Amino acid sequence: MKTKLTLVTALALSTLGLATTAQAHKAWLQPSQTVFSDKGSWMTVDAAVSNDLFYFNHVPLPLERLQVTAPDGSKVEPQNASTGKLRSVFDLQLQLEGTYKIAMNNEGMFASYKLGGEAKRWRGKASEFATGIPAGATDVEASESLGRVETFATVGKPSTTVFATTGKGIELVPVTHPNDLFAGESATFQLLVDGKPASGLKIEIVPGATRYRNEQSEIHATTGADGKFEVKWAQPGMYWLETASEDKKTTLPQAKQRRLSYVAVFEVLPQ
């Protein structure tokens, strides 16, 4: 199976503080399931960066940036969390009816520079930039990054409180609820950049189990003027969605550009 490193993937990994390589690595949060009937149910979430969806064969996603939001907007503490060589994993007990958001958000800076004729890279927080770039560095090129990796789960009736937007970076607004997806049907989502509809965003959607097929079988879509796009689910399973963009709207004086990324995992159920 041949893959390629896309700009979108590189942005997603760099915003998570993870190094990119010459192969296509994808970041993801995969829930054990996304739809539950009873309050108090347990779910397990794997968090990793991998070549194949959803097989942990590269590095774990660190859990320091994990945020779990309950249907009432309160924060939920993960249980039994651990990070190994290839994946992180944690449990959640879903005590309330409605929709939960499991997310990793990262805001930071990425820079490239030369030192003694050798090309170097640095990534970290904006507050660390001044001390992160060594004296004598030349050709410094810095960018601001803002990335999100998300998935969603619902107990009983779906709710929408967790989709309240912040007006920063790329955010998903559900026209079709992400826990109401079925094979053979179409779903519509809206993407915002800084709280406004994002037109022209290129979206890649890949069904899981890529390890056992020769093609990625990706679905491509582009947002319209209203930021909306539609996707038809050919078969049930877990799907990985990714998009990204760049602009000059940086809030950091040292950065010349801003890199935005968004990743989500959806579960599509059989009819």
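In this predicted model, Phe129 has a relative accessibility of 11% and therefore counts as buried.

Because Trp28 belongs to strand E1 and Phe54 to the loop between E3 and strand E4 (59-60), the pair ties together parts 26 residues apart in sequence. Both Trp28 and Phe54 are buried. Ring pairs also join Phe189, Phe229, Trp233, Tyr239 and Phe266 into a cluster.

Nonpolar side chains tend to be buried together in soluble globular proteins. Here, the largest nonpolar core contains 31 residues, and Met43, Leu92, Ile102, Met104 and Trp240 have the most contacts inside it. Strands supplying at least two residues each include E1 (26-31), E8 (98-115) and E18 (257-268), while E3 gives the most, with 5 residues. Another core, of 27 residues, lies apart from this one and has Phe152, Val162, Tyr239 and Ala264 among its members.

Charged groups meet rings as well. The charged end of Lys26 sits over the ring of Trp240, 5.2 Å from the ring centre. Likewise, Arg87 places its charged end over the ring of Phe56, at 4.4 Å from the centre.

How values were computed. Residues numbered from 1 in each chain as written. Predicted model: local features only at pLDDT ≥ 70, side-chain atom pairs only at ≥ 80, totals over all residues. Heavy atoms only, no water. Core = buried A, V, L, I, M, F, W, Y, C linked by side-chain atoms within 4.5 Å. Buried < 20%, exposed > 50% of the residue type's maximum accessible area, 1.4 Å probe, protein only. Helix = DSSP H or I, 4+ residues; strand = E, 2+ residues; numbered from the N terminus. Phe/Tyr/Trp six-rings, centres within 6.5 Å; stacked < 30°, edge-to-face > 60°. Lys NZ or Arg CZ within 6 Å of the ring centre and 35° of its normal.
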